[in-house]
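Welcome, and thanks for taking a look at this one. Here is a short briefing to read alongside the structure.

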Amino acid sequence: DELVTMVGSEVYERVHVVLLVAIGAVLGTWWITGKLPLIYQSQSRFFMPEASDGFSLHNEAENIPKGPKLPTSNPETQSSLRGLMATSEFQLRVSAKFDNLSSRDIEDSVSIKVDKFNLIVITAEDTSPTRAAEIANRFPSLLQKDLRQRTMLDVQKKQEHLLNADQARSKDLEQLEGERLAFLLDAGAADNATQTSSLNSRLETLRTQVADLEVRRRTLELREKETRAQYERRREFIESSFTRESNPRIQELRSAIVSAESEYASLLVQHQPEHKKPKAKEKEIEVLRLDLATQEELKDKSWSFQVDPIRQDLDRQLSNLAVDRSALDAELSVRRSQLDKVAREWAVLPAFSEELEAHNRRITQSREILEEIRDRIEEFRLYQTRENQFLEVVEAAVPASLSRPFFPKRRLLSAISGLIGLLLGIALASAMARAASWREGAPGEIDPLKA
């Protein structure tokens, strides 16, 4: 307490010194800060979404947002973005937009940090508030552009690879289709269903034709056999004409035979053929016929003969039948040969179907791959037409007020200088008091002020 009282009295006695030092510090700070250039600060905030938007021609779920766009919390991603913006090449491109500004100036006047909300904060300082805001806004816009260019370059490389794959796969598909066509041409078929239908139709047709030809051949054999039997029963020569003498007995016998046959028919209606009355009438008819035959032989005078025309016609029929049978045998042989050939083709049809199915599988697989490649190419083409937003700007930098520079803060610095001046003034006043006490207590020394 005594020390504090002593110091207080010493300061009080020299309060003018304390005030002079404090006022000098304030005025000096105010004058110096007035000579310094004014520095303005602007900030922009942005983030990279946790999940990017997808795009697909097949799956509609890929085209639907999976949730709200929130900043990524991955420290590696955030460090990568900060590293991209911290490169001298990137900062040189930022400074290229502004006159009298180098990449070194950008490095010294810009800070890149990540706040507690996972937002990337760009803080730019400059003597011009407008330029400070433009610098802060140029970082996310230039980074957005770089990400788009890098992504598009990667997309173009992949698209070029897919285009080469499309050409190669198209050639493979063309070759596979050529092999399938050559196989079908060699087999003489359009496809498996057509080949099966064609062979089945030809097989059924040939079987029907062979069966019909065999029936016709059997019919011809029966006709030939019957015709030959008729031919052999006919005599080579027959009587063409003869003369007879008039014989009244013949007419009587004929009338008697007709009458007896009529009575015989009536008896058959009334009695069985074994009955004695029909038998007696039958014997009577035989006697009359024998008598008639005797009468005719006695009256025949002369005969003339000629070749039997029926026998000749039968002979021609036999010749025609032989020709028809030979032609039918030849056609039957051809049809049987064709049937055997088609049957052999039908027997190897499963192997044909299996090989054709293998060709079809390879072609289908190649077409599916080609279609998938072309879908990917179309997706890349559509992707290139999109304006992809890899970064989301939360807060764009705006120019600061001219009356509120970030540095120097004249009032604050002057207040701090005044406080420091007071402390220095107090210390100086205390030192001066101690020096005076020391001089008063030292004998033989003359006070310069008194002298």
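A salt bridge here is a side-chain nitrogen of Lys or Arg within 4 Å of a carboxyl oxygen of Asp or Glu. Please keep in mind that this is a predicted model. The protein chain has 451 residues, of which 27% are buried, and its secondary structure comes to 12 helices and six strands.

**Salt bridges**

- Side chains of opposite charge can pair when their charged atoms come close.
- Across the whole structure, a search finds 23 salt bridges.
- One of them joins Arg381 and Glu378, with the closest N and O atoms 4.0 Å apart.
- Arg381 and Glu378 are three residues apart in helix 11 (residues 349–385), so about one helical turn separates them.
- Arg381 is partly exposed, with a relative accessible area of 42%, and Glu378 also counts as partly exposed, at 33%.
- Asp154 and Lys158 form a salt bridge too, their closest N and O atoms being 3.3 Å apart.
- Both Asp154 and Lys158 belong to helix 6, where they sit four residues apart, about one turn of the helix.
- The relative accessible area is 36% for Asp154, which is partly exposed, and 41% for Lys158, which is partly exposed as well.
- Glu224 and Arg325 meet through their side chains in a salt bridge of 2.9 Å, N to O.
- Because Glu224 lies in helix 7 (residues 192–233) and Arg325 in helix 10 (residues 309–347), this pair ties together parts that are 101 residues apart in sequence.
- Glu224 counts as buried at 10% relative accessibility, whereas Arg325 counts as partly exposed at 24%.
- A network of salt bridges links Arg217, Arg218, Glu221 and Asp329.

- Four strands make an open, antiparallel sheet in the order 2-3-1-6.
- Strand 2 (110–114) and strand 6 (392–395) are at the edges with a single partner strand each, so one side of each has no neighbour in the sheet.
- From one strand to the next, the twist averages 25°.
- Five bridges pair strand 2 with strand 3 (residues 120–126) in the antiparallel sense, and Ile112 stands opposite Ile122 in strand 3.
- Helix 3 (residues 75–86) lies across strand 1 (40–47), strand 2 and strand 3, and runs at about 175° to strand 2.

- Where is Asp146 found? Asp146 is part of helix 6 (residues 129–187).
- Asp146 counts as buried because its relative accessibility is 7%, under the 20% cut-off.
- Leaving aside residues up to four places away in sequence, Asp146 touches Phe90 and Arg93.
- The protein chain exposes about 30100 Å², and carbon and sulfur atoms supply 54% of that area.

Technical notes
Residues numbered from 1 in each chain as written. Predicted model: local features only at pLDDT ≥ 70, side-chain atom pairs only at ≥ 80, totals over all residues. Heavy atoms only, no water. Pairing = 2+ DSSP bridges. Helix = DSSP H or I, 4+ residues; strand = E, 2+ residues; numbered from the N terminus. Axes fitted to C-alpha atoms, helices over the stretch in contact; angles between N-to-C directions. Contact = heavy atoms within 4.5 Å. Buried < 20%, exposed > 50% of the residue type's maximum accessible area, 1.4 Å probe, protein only. Areas by Shrake-Rupley, 256 points an atom, 1.4 Å probe, with all protein chains shown as cover.
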